[in-house]
Structures are given as C-alpha cells and as structure tokens.
Amino acid sequence: MLKALEGSQAIAQTVALCRPDVVSAYPITPQTHIVENIAKLIADGRVNCEYVSVESEFSAASVVLGAAAAGARAYTASASQGILLMSEVLYNIAGMRIPMVLTCANRAVSAPLSIWNDQQDSMAVRDAGWIQFYCADNQEAIDTTIQAFRIAQECELPVMVCMDGFTLTHTMEALSVPSQEEVDTFLPPFEFSRRLDPRAPISMGTLVSPDFFPEARHSHHAALLHATETIITADQDWMKICGRFYGGLLGVDGPDDARVGIMVIGSIYGTLLEARNEFPELPPWSLIRLRVFRPFPIEAVREVCCGLDDVIVVERALSPGSGGIIGAEVRAALYGLEHAPRVHNVAVGLGGRDVSMQILPRLFELFEAPEPVQFKVFDLEIDRLEPEDQ
Amino acid sequence: MIEIRIHGRGGQGNVLAAYLLAAAGISHGLFAQAFPHFGAERRGAPVTAFVRFNHRPIYRRDQVNHPDFLIIQDAALMNIPGIANGLSNRGGILINVSQAEDIPLQSEQKLVAFAASALAREYTGRALANTALLAAFLSLTELLPLSALETAVGERFYGEVVDRNIQLIRKAATSVPAGVWRNEAQIHSGEIANA
C-alpha cells in the first residue's frame, strides 16, 4: 500500500521491519530523521531492539561491530564527517567480515563546510571493504535496505546503502513499505557462524603477522567479488515478493540502437530520466544507472558499454589531483576491450548544487568534443573565481 | 505538472506545509513530491519548500525553479530580491497579509492577500498560518478537496490540535474567492514518451 512518507521515515520503518536487535547511531544532518524515527519506534515498543545512544560516530560503529560480532542483527546510519569519524572502525568491521547494515545519507565533506548532498563521504571509504549500494530513489532505498540485511549475512560482509541526503532523505512522496510478512518471507533470522560465544571462545581482529596478512586481504577481496551473485539473487528474490526489480548491479534505460550513453549514480537518475521526455529531439541515448559500486561490476559495465561510441560518466564526488573516481574505474574496466567507447568524465551537483533537466543537452555537447573529456567539474560558474584560481 | 514554491521563515512550519500539501494530494490519488530547500536552518531565517503534483509518477529531483504558484507565509519576505523569480506568467501568489499593495506583478500574474495569521490565532491560539494558507490555496485552485487536507492534518497530528486546525481550515477556505485560480491549476501531464 502506498503511503505519503519522507524518505528518512520510510527507511526507519523499513529497518524496523528487518527486526534489528541493536541500533546505535549519532545524529548528523541529513541522517538525523532516520535514527530519530528508529529511536521512536523502539521507544514506542513497535520493535524489540536495543537503541544505544553514544557520544560519537566512532562509538556508534564500535557498538554495532561488537553487537554483530556477538550475534545480533545490527544497524547504524551516518553521513559526511560522521562517516569519516567512523572510518577506522568501518575498516575493522569489514576486515573482521562482520555482517551488518549502514545507511549513508550522502553529504559533502568539509572544508568548506556543507550540509548538502554529494557523495564524497561514502566514496572516501570505498576501499574499506564494504559492499556499497547507491539508490536512485526512495523506493529503491527501501527495497535495497531489506536486501542489504540478507546479503550481509549471506556474504559475511557489511553493506552500506547510500541515499542522497535531502534529495532523497527529506523528500516526501508516495512509497510502498512492505508488510512484516513479506519481509519475514525474504529475510531469515540473523545468523553469524563466527559469532562470539563464551562456550567456544575465539578472538577477532587480532594481530596478524606478515605470514598471513596477504592471505587475509585476498580472501576479503575474493568475498567481495563473489558477492555479485548474492546481490543479483537477492534483487531477483525480492522482486518475486514485491514486484520491483532494480537490475541487480546496474540498470539501463533507453533504446537498443543508442550509440551514446550517460552513466550516473544516485538520485540524478530520475532527473535525467524525465529529461529524456523534455528533450525528445536528442539522438537515441542510453541512461545507465550504477547501483552497486563495491564490488565494482566490471563485467556488467563492459556489457552495457559494448556497442556505444561514447559514454559520459557523471558522478558526485572526485579525487582531487586525479579526477573522477567512478570515471577512472569505468576506464579501467573498459581497457583493452575491442571497440571500447570513448569515456568522458564529469562531476556535477557538488555540495548540493541543483542539477536541473537542462544539464542533459549540455552533456550532449561533450559527445562532439574532438578528444574525450578526461575530467572536469561540469556545472561550474568559473567567472566567479579570481583569475589565478580559475 | 503543477509546481508550488512555499516561502516562510524557520519555525513557521514551512516544510510541514509542503509535506501536508503533498500528503493531501497523495491521499487523493495524485502523484506528489515535497521537499525543502534548506538554507541556514535557523528560527526566523528565510526558508523555502517545494511541492509537485502530477497524474503520472514524478522522477525528477531538481528544485522547483519555475513554479505555477507561490505561497508566502510572511509578507516581509516579499522584500527579498528575486523571491518571485521564475514564477509562471500566469502564476498566482497567495500571501499572508491583510492588504497587498505595491507588489509588482508581471503580465497575467495574480495575487491574493489573506490574513491567515490573524485567523490562525483566533482558531488555534497561535499565529501559525500554514494550514490556513493551504486551505485558502486549495479553495482558490480547487486542486484537491478540502477533506484531503483534513485527512493529512489528521494523520500528522492528534488530539485537540487536529480539531482546531480542521475548524481553521474550513473557515480559511471560505475567506478567499473559490475557484478563481482553477484554470491555472489544471494538471497537464505533458508528453508521455515511455508510459
């Protein structure tokens, strides 16, 4: 049944349906409404769960690490500086292969201080060893959160579900929150084979000497690569229950005869989807939505780019001094492929800059460039900078 | 698509007004989207919120830059340069003031002044004008039945607040000329290429 819900409210209700045992979080804009609503659901007795209030994100991540290690289904949420403050623990959670779920309400990282949306925060921890989803809309964020809990325990890996701050978290729209029965059918009770048990004591995260460290890293990397199958199956299985499918690793919209493509991540997808109708005079084009960033879907990216002459990778973060993050990975994935498309790479919407539908014809101008655009911040008003900063 | 921009100040329930309007539309079977543009989130600082309505799903996530209607909760905000930027040439401005003078309008733009704060104080004891302005807006446009707004208020609040606001809503709806913005509030879905 469709309900008018703010994205954050919907995520809180969804987390509650997943029957968490422990939630611990520290509030930060724009994640606040998520954990506030979860705390209220717990306080009202609507979900049987322990909410642990802490003094920082470092502690929040540590609490859920310990809780999950002890066999509890655990959840936290954060954004921006909160994700960075957690980062040491995020590596530990992943390295210990602790299954749990975190929502990142994507927000820019300081300095300069910004509370608005881009994806620099989750991109900054892309190498921590978590599975990372990026949701195009609030319905996908609901459905992905449920899938994330199952994927986490099946792969024994932590899962980060990223949703654009404000753009999704603070938007009210008609959303379908599944029933408890539907979630229970899909999501089995939490089980963690290596959980801490005083009757069979083990240690986690202990010192590993050089004679085993590379093997530990290798197995973690392999576990992430193998997660692709579990991710696709989870999406398919959930579709059998709720009727919605997100393409597993990525989604494509557009005609088969498209020679050019635009690859996006996150909520900008909807704006470009609607822009397709606004600019019908443009030549056929393919809109590619990257849903999973870790593990990076190399094969799927090759498959969708095969047959295209040009693809523009549009992202909402950058690696200063290098360029685009996703763009570099797409280029690497396509390297050596026969008839690989030219890859242009831009960042848009940094620090919450509005991305309107008018960006579509401007992106199309890049296809005419004699050389592929290596990387640029696309929606700049360059004249506002002093000449020496331009 | 109908797009509405609501201007107010932190503490006036500006974002709430947008959420109530969207929830009312959704309960009436429309597709709707409401979201804030967060400026400095301080009490008293100017804040903006957006609402979209359509007969088909709304996918776009950009801000409302070309609204069909403005709802202004505080008349002093009209002094902010550019507050009416992008308003449709046939657009309407509903402003919370007893008399609106000296507000320059373009071509066929329309303006309705309605002293919503005074009415709100009378009915609820507080000068929070948001629900009264929404009722007036629905009366002017006949975009949704008043009952849809009452449902949205009933789902958001409980107890005496609901009763008082519903009385306020009913009175506010009769305080402006009904249906005068009806033509401007027709939802044209536009071209549906992939539907």
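**Close-up views of a two-chain predicted model**

From strand β10(A), A:V260, A:I262 and A:V264 point one way while A:G261, A:M263 and A:I265 point the other way, and all are buried. A residue counts as buried if 20 or more other C-beta atoms lie within 10 Å of its own, as exposed if 12 or fewer do, and as partly exposed in between, with C-beta atoms placed from the backbone. This is a predicted model, in which local features need pLDDT of at least 70 and side-chain atom pairs count only at pLDDT 80 or more, whereas totals for chains, interfaces and linings use all residues. Residues are numbered from 1 along each chain as its sequence is written, chains are lettered from A and ligands numbered from 1 in the order in which they are written.

View 1. Strands and helices here are DSSP runs (E, at least two residues, for strands; H or I, at least four, for helices), numbered from the N terminus. β10(A) runs parallel to β11(A), joined by 6 bridges, and A:M263 has A:I288 of β11(A) opposite it. β10(A) is also joined to β13(A) by 4 bridges, again parallel, with A:V260 opposite A:D310. Together with α9(A), the strands β10(A) and β11(A) make a right-handed β-α-β unit; right-handed says that, with the strands pointing away from the viewer, the path from the first strand over the helix to the second runs clockwise.

**View 2. The six-stranded sheet of chain A.** Step back, and 6 strands of chain A form an open sheet of mixed pairing, in the order β9-β11-β10-β13-β14-β15. Two strands pair if DSSP finds at least two bridges between them. β9 (250-253) and β15 (376-377) of chain A stand at the edges with a single partner strand each, so one side of each has no neighbour in the sheet. β15(A) pairs with β14(A) in the parallel sense over 2 bridges, and A:A347 stands opposite A:V377 there. Helix α10(A) packs on this sheet, touching β9, β10, β11 and β13 of chain A, and its direction makes about 10 degrees with that of β9(A). Such angles run from 0 to 180 degrees between N-to-C directions, with axes fitted as lines to C-alpha atoms, for helices over the stretch in contact.

**View 3. Helix α11(A) on the sheet.** α11(A) lies across β10, β11, β13 and β14 of chain A, at about 145 degrees to β13(A). After the helix comes A:G336, with a positive phi near 85 degrees.

View 4. Chain A is divided into domain 1 (2-242) and domain 2 (250-389), with bounds from an automatic or database domain assignment. The centres of the two domains, taken over C-alpha atoms, are 27 Å apart. Their contact takes 25 residues from domain 1 and 20 residues from domain 2; two residues are in contact if their C-beta atoms, placed from the backbone, lie within 7 Å. On the domain 1 side, α5, β6 (131-134) and α8 (213-242) of chain A give two or more residues, and α8(A) gives the most, with 5 residues.

**View 5. Where chain A meets chain B.** Here 23 residues of chain A are in contact with 20 residues of chain B. On the chain A side, β1 (2-6), β8 (172-176) and α9 (268-278) each supply at least two residues, and α9(A) gives the most, with 7 residues. That side divides into 10 nonpolar, 8 polar and 5 charged residues. Ala, Val, Leu, Ile, Met, Phe, Trp, Tyr, Cys and Pro count as nonpolar, Asp, Glu, Lys and Arg as charged, and the others, Gly among them, as polar.

View 6. Between the chains, 2 bridges join β8(A) to β2 (31-37) of chain B, which run antiparallel, and A:M172 has B:A34 as its bridge partner.
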